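I am keeping these notes while I look through a structure that is new to me. I will write down what I looked up, one entry at a time.

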Amino acid sequence: MEVFSKIAFLVEEMNRLQTQAEEFSPFVGASLERMGIVSKMKVADIGCGTGNVSFAMSKVVGPKGSVVGVDANPTAVNYCMTIAKRKRIRNTKFVVGDAQNTSLPTHAFNAVYSRFLFQHLKDPAACLAEMVRITKPNGMVMVEDCDLSKWVIEPANPHVEQLWTWYEGIIKAKGSDPFVGKKLYRMFVDAGMKPQVDIYSLPVLKNNRRVWDTILDVLRKIDSRESRELIQGIESFANDKNSLFVFPLVFRVWAKAPRH
Ligand SMILES: C[S@@+](CC[C@H](N)C(=O)[O-])C[C@H]1O[C@@H](n2cnc3c(N)ncnc32)[C@H](O)[C@@H]1O
């Protein structure tokens, strides 16, 4: 918990989130397609982070559509607003808010989306209920998140493994669920929906070394005995040109919102 509050507002953490989101950008088109997002729609991105998916949505919905991004972290919201201003993207709005109580109007959006947020929430089912509340009846709800135990590290490296078990521990210490991805399907069913699901992941090879570099930049800021050990181990893994890391498996779950 303490580590999170230490890093959440750092410029290095924004860079890490932005880099991670850029690496995941090849998967975004499929998400928007599965949600059926098209021109003129009103959509929302809950826990929008650096806004990569929000901006991808804004291109598809066009000038007659709109996108609202919500995030609890004012640094992330400012980051998104700065990009929107710099790139003159006028159909987006970014607001500081809580995913479980967004203050957005009921039944207002054609599609409501969230990625890599649920692993941070104490009550993800409450967030899903909030997403359903703001979605129009028969509109689309999609949540993507990981099971943080399902990664690949080759060759074995205790430090890279430790990075993930350490992160898993931080999530648990916050009272959140590091394995929430695999539970999304059932969560949608319990909320009265008929979900579809698919899964994917991202291999981190030498050509996406910057993933490691941005993680290392954040770890350098934490500066504890644990983080220093991790840094050394991760550097040696990242410097091995034949190392393979595969990000934790992502579960993409989507369904029409109930009619009522
Ligand atoms: C891992 S980032 C994912 C960002 C973005 N969705 C993406 O996929 O690139 C998780 C985001 O959720 C936000 N977040 C965490 N708890 C939240 C809450 N209770 N309400 C709103 N946002 C929250 C964090 O500030 C962070 O920006």
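**The shell around the ligand.** Sorting the shell around the ligand by class, I find eight nonpolar, five polar and three charged residues. I note here that the model is a predicted one. In total, 16 residues surround the ligand, and the closest are G47, D71, D98, A99 and R115.

On the side-chain part, I find an N or O atom of D98 at 3.0 Å from a nitrogen atom of the ligand. Taken alone the ligand exposes 590 Å², of which the protein buries 86%.

**T102.** I then turned to T102, which I place in the loop between β3 (92–96) and β4 (109–115). Is T102 buried or exposed? Its relative accessibility is 7%, so I count T102 as buried. Leaving out residues up to four places away in sequence, T102 touches I46, E130, R133 and I134. With E130 there is a polar contact of 2.7 Å between the two side chains, and a polar atom of the T102 side chain also lies 3.1 Å from the backbone nitrogen of L104.

**Helix α10.** My last entry concerns α10 (residues 225–239), whose 15 residues reach 22 Å from first C-alpha to last, close to the 21 Å expected at 1.5 Å a residue. I list its buried residues as S227, L230, I231, G233, I234, F237 and A238, and what covers them includes β6 (152–154), α7 (158–173), α9 (209–222) and β9 (244–246).

Key: Residues are numbered from 1 along each chain as its sequence is written. This is a predicted model: local features need pLDDT of at least 70, side-chain atom pairs count only at pLDDT 80 or more; totals for chains, interfaces and linings use all residues. Side-chain values use heavy atoms; hydrogens and water are left out. A residue is near a molecule or strand if one of its heavy atoms lies within 4 Å of it. A polar contact is a pair of N or O atoms within 3.5 Å; within protein, one must be able to donate a hydrogen and the other to accept it, and residues adjacent in sequence count only if both atoms are side-chain atoms. Accessible areas come from the Shrake-Rupley method with a 1.4 Å probe; for residues, only the protein chains shown count as cover. Ala, Val, Leu, Ile, Met, Phe, Trp, Tyr, Cys and Pro count as nonpolar, Asp, Glu, Lys and Arg as charged, and the others, Gly among them, as polar. Helices (H or I, at least four residues) and strands (E, at least two) are DSSP runs, numbered from the N terminus. The expected span of a helix is 1.5 Å times one less than its number of residues. Buried means under 20% relative accessible area, exposed over 50%, partly exposed in between (1.4 Å probe, protein chains only). Contact means heavy atoms within 4.5 Å.
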